[in-house]
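Welcome! Take a moment to turn the model around before you read on.

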Amino acid sequence: MSSPEMHDFDAEAAELRKRLKKKQKANRKARSTPPEATLSLNSMMDMMTIILVFLLKSYGQEPIKVLPKTDLAFSTSEIMPKDMTVITITQESIVMMEQEIVKLEDRKVPKTDKKGGEGGLIIQTLETALRDEVEKQKNFARMTGSEFEGEMTIVADQGTPYRLIAEVMQTAIASEFKKFRFAVIKDVMVRSGLSAAAL
Amino acid sequence: MARFKKEEESNELSLVPILNLVLILIPLLLLSVVFLEITVINVTMPQRSAGAAPPSGEPPKRLQIMISREGFWVIKGDRALPPVPECTGRGGQQVTVCLLEPDAELEVEKYNWLALYNTLIELKADPQWAEHEQVELVAGPDIPFGVLVKAMDVTRYQLVAPDMDDAIKGSSFTSVDEMNSAIAVRVESIDPDSGVSAVRPLGLFPLVVLGLPTTTTQ
């Protein structure tokens, strides 16, 4: 037995040991790497789907849009609103179908805009706008074979003086509107008869 | 081993894009959602030119409530009802129902809604007025809209104490708390529009006709 042979054997053993070690290391490495991390999103997806459906259901249910600077009054009325001509009386202006028609001065229509000055009940710019609207609705009614109903919803701020309400209504009457509805917030305590929010 | 893993991966749905979409949609919808329910009150208003006297052929049977800065005038036919007991002897203009708290901060709180309701329910008990449904509301030019809505609320339903839910007509109340906790009388009636019979609140004077603002009050 010569030393080179011995050396050869030793080298082979060392090589083998080295390879084994490498394999073990690789094995260990493979075992210790965690499986690819996945979140279980199923329950969250369920929840979100439910919320989404609920929100979609309540979306676009409101035929009346309440503009800023308009505090609605609370009421016990249970009649549901319909889609129709909407006039909003905010604290600063009169708005028809989301278009500002008259700018108010201290919750009053400027007297230059009224027929017959200060004591007049007809608001001129509003009347022009309403007549156009009536014309449009009548044309539409004629085309669809229905009848022009002349219904109007008034969305008014709580603090609007009665005089202004009456002026808007008289103007609307002059332009052939007949039925009026006041938009209010349904009182939470409907069953309890009278508004608790107001008292 | 490797093949098995691959198969498993392809089996799983990739929910991430959907999740992204849902996450965006939820705040968007939450922002636009309206939690307050809006209802409407039906009213009518006769056309009348300013300052013209009411037509002479007016039916005598009409109930009118005038809201002024001093309180309410309840006008039955062509004459105002006498002041309620707590309002007599105050001098000045004799309103039927005077103010409850003239110094209250909110306009709505100034008025004595309880006395107004009691006056009306008493009137409704009169067989002559039992079938009458219409009330004419007139207010001073500066009366805020909120007060008007409240007046329409008071005239809308007949109320009873919550423990008397089988009552067939409303009763009067002795305190504001009592009235606030009251419920509307519910009876079976036929809806005039659809002809369907259902249990619904019993009206007091539910048909509101608005009059032109009075010019006599400040």
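What follows is a short tour of a helix, a pocket, a surface patch and some backbone angles. Keep in mind that this is a predicted model.

**A well-covered helix**

Let's begin with helix H4 of chain B, which runs over residues 113–125. H4(B) has 13 residues and spans 18 Å from its first C-alpha to its last, close to the 18 Å expected at 1.5 Å a residue. How many residues of H4(B) are buried? The count is 11 of 13, so the helix is mostly covered, where buried means under 20% relative accessible area. Among the buried ones are Trp113(B), Tyr117(B), Ile121(B) and Lys124(B).

Glu122(B) also lies in helix H4 of chain B. Is Glu122(B) buried or exposed? Glu122(B) has a relative accessible area of 60%, and it counts as exposed because the cut-off for that word is over 50%.

**The largest pocket**

Next, find the largest pocket, which holds about 1,300 Å³ of space. Its lining is made up of 37 residues, and those nearest its centre are Ile79(A), Glu133(B), Pro192(B), Pro206(B) and Leu207(B). Several elements give two or more residues to this lining, including strand E6 (179–186) of chain A and, from chain B, H4 and strand E9 (186–190). Which element gives the most to the lining of the largest pocket? That is E1(B), with 4 residues.

**A nonpolar patch on chain A**

Now move to the surface, where Met44(A), Met47(A) and Ile51(A) form a nonpolar patch. Together the three have about 230 Å² of accessible area. Met44(A) belongs to helix H2 of chain A, residues 42–58. With a relative accessible area of 32%, Met44(A) is partly exposed.

**Positive phi angles**

Finally, here are some backbone angles to look up in chain A. Met97(A) has a positive phi and is a residue other than glycine; Asp106(A) has a positive phi too, although it is not a glycine. Met97(A) sits in the loop between strand E3 (93–96) and strand E4 (99–103), while Asp106(A) is found in the loop between E4 and helix H3 (124–144).

| Residue | Phi | Relative accessible area |
|---|---|---|
| Met97(A) | near 45° | 38%, partly exposed |
| Asp106(A) | about 55° | 69%, exposed |

Notes: Residues are numbered from 1 along each chain as its sequence is written. Chains are lettered from A and ligands numbered from 1 in the order in which they are written. This is a predicted model: local features need pLDDT of at least 70, side-chain atom pairs count only at pLDDT 80 or more; totals for chains, interfaces and linings use all residues. Side-chain values use heavy atoms; hydrogens and water are left out. Patches are made of residues with over 30% relative accessible area and no salt bridge: like charges are joined within 9 Å, nonpolar side chains (Val, Leu, Ile, Met, Phe, Trp, Tyr) within 5 Å. Accessible areas come from the Shrake-Rupley method with a 1.4 Å probe; for residues, only the protein chains shown count as cover. A salt bridge is a side-chain nitrogen of Lys or Arg within 4 Å of a carboxyl oxygen of Asp or Glu. Buried means under 20% relative accessible area, exposed over 50%, partly exposed in between (1.4 Å probe, protein chains only). The expected span of a helix is 1.5 Å times one less than its number of residues. On a 1 Å grid over the protein atoms alone, a cavity is a set of points where a 1.4 Å probe fits but cannot get out, and a pocket is an open set with protein on both sides within 12 Å along at least five of seven lines; lining residues have an atom within 4 Å of a point. Grid points are joined across faces, edges and corners, and a volume is the space filled by probe spheres set on the points.
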